[in-house]
Amino acid sequence: MVLFVKFGNFFCKIQSRRLEILNPFAVLSRCCHFLQNPQNNVAIFWDLDNKPPNPIPPYEAAIKLKATASSFGFVQHMVAYANRHSFSYVPPMVREVRKERKMLNQLENKGVIKPVEPYLCRVCGRKFYTNEKLVNHFKQLHEREHMKRLNQIESARGSRRVKLVGKYSMKMEKYKNAARDILTPKVGYGLADEIKRAGFWVRTVSDKPQAADIALKNHMVDVMDRKGAECFVLVSDDSDFLDVLKEAKLRCLKTVVVGNVTDGTLKRTADAGFSWKEIMLKKAKKEAVSVVGKWKDRDVLERLEWTYDQEMEKSAYFSDIESEDGDSEGTIEGVHHDCMQEDNSGSWWEIDSDSDDTVSQRRK
Ligand SMILES: [Zn+2]
């Protein structure tokens, strides 16, 4: 495997050097991401087992997370992984609200208290003077209708199915929006549905320990292999993700971590780190602008560096081929060197003196 990668790199090098000789501008375009794609593609990977959005409502948290990530580029992938336990768990705050609602319902039924305004059915517009009556009406009428529609779509095939989906889409949307407030989710507190609603791809993994971590890591590496994103946003405090974060950095990708541990290992490794609070208060979105600015500066600096070093590069080419079977790969210098040779990417954090400072600061 290592040999294969080594050879892969070797041929890449030869190919890119040939290009350089033919066209010196190839060097420029190769090492500057922002010149080629004005915007980076961003991928969000959410470890829901480790970092559920509690106590923030899941939909709101997911939307804000997406908004922050979009400051780094175009959000291409949004995935969340958790085991079944995380989806069936009901946070204490939600349990408390449900308990209160139950007590209110009892008082309303007994006529002890009266709501200021009647409860409105958001599907048909009917009004009810107790919440329990509204819930019963909703279940008996609208839930049944909804199930009927779902069954019809389920049993239809081909163009008929497409037609039915189109025909019912508005009604089903209206039902779902109303049901969210009226019905209590059968399992958990609707975490998966709410995150899906925000546009995330939600995956449930087996209850084995670490199952979500492993699945998430594999997914991240897969996106890296397919060059699906230039910026990786990881939502986790779990230091098990350190390896995959380092891998992303070796591949010259930009990394952002969202977690609550202020000085965690992950945050120290990533280019930028935010807490849930910063995400929710839009502080992260503001800071992201300066992070992106730094990335752009680094890319520009690197571009200058490449043009300046062109002569040196050519002489390095021959010595490189001679020392190809040397074991430079294991050392940090070797890794960064490989990174620099990779097509369409740049070692933007290493070359300029600014970034050296930040790296050494982080190490302190
Ligand atoms: Zn109704």
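In this predicted model, strand β6 (residues 231-235), helix α11 (residues 242-250) and strand β7 together form a β-α-β unit of right-handed sense. The two strands of this unit, β6 and β7, are paired in the parallel sense through 5 bridges, and within this pairing Val235 has Val258 of β7 as its bridge partner. Strand β7 is also joined to strand β8 (residues 272-274), with which it runs parallel, by 3 bridges; here Val258 has Phe274 of β8 as its bridge partner.

The burial of β7 was examined next. Of the 5 residues of this strand (residues 254-258), 5 are buried, and β7 is therefore largely enclosed by the rest of the structure. The side chains of a regular strand alternate between the two faces of the sheet. In β7, Lys254, Val256 and Val258 point one way, whereas Thr255 and Val257 point the other way, and all of these residues are buried.

After α11 comes Cys252, for which the phi angle is positive, near 65 degrees.

Notes. Residues are numbered from 1 along each chain as its sequence is written. This is a predicted model: local features need pLDDT of at least 70, side-chain atom pairs count only at pLDDT 80 or more; totals for chains, interfaces and linings use all residues. A residue is buried if 20 or more other C-beta atoms lie within 10 Å of its own, exposed if 12 or fewer, and partly exposed in between; C-beta atoms are placed from the backbone. Helices (H or I, at least four residues) and strands (E, at least two) are DSSP runs, numbered from the N terminus. Two strands pair if DSSP finds at least two bridges between them. A crossover is right-handed if, with the strands pointing away from the viewer, the path from the first strand over the helix to the second runs clockwise.
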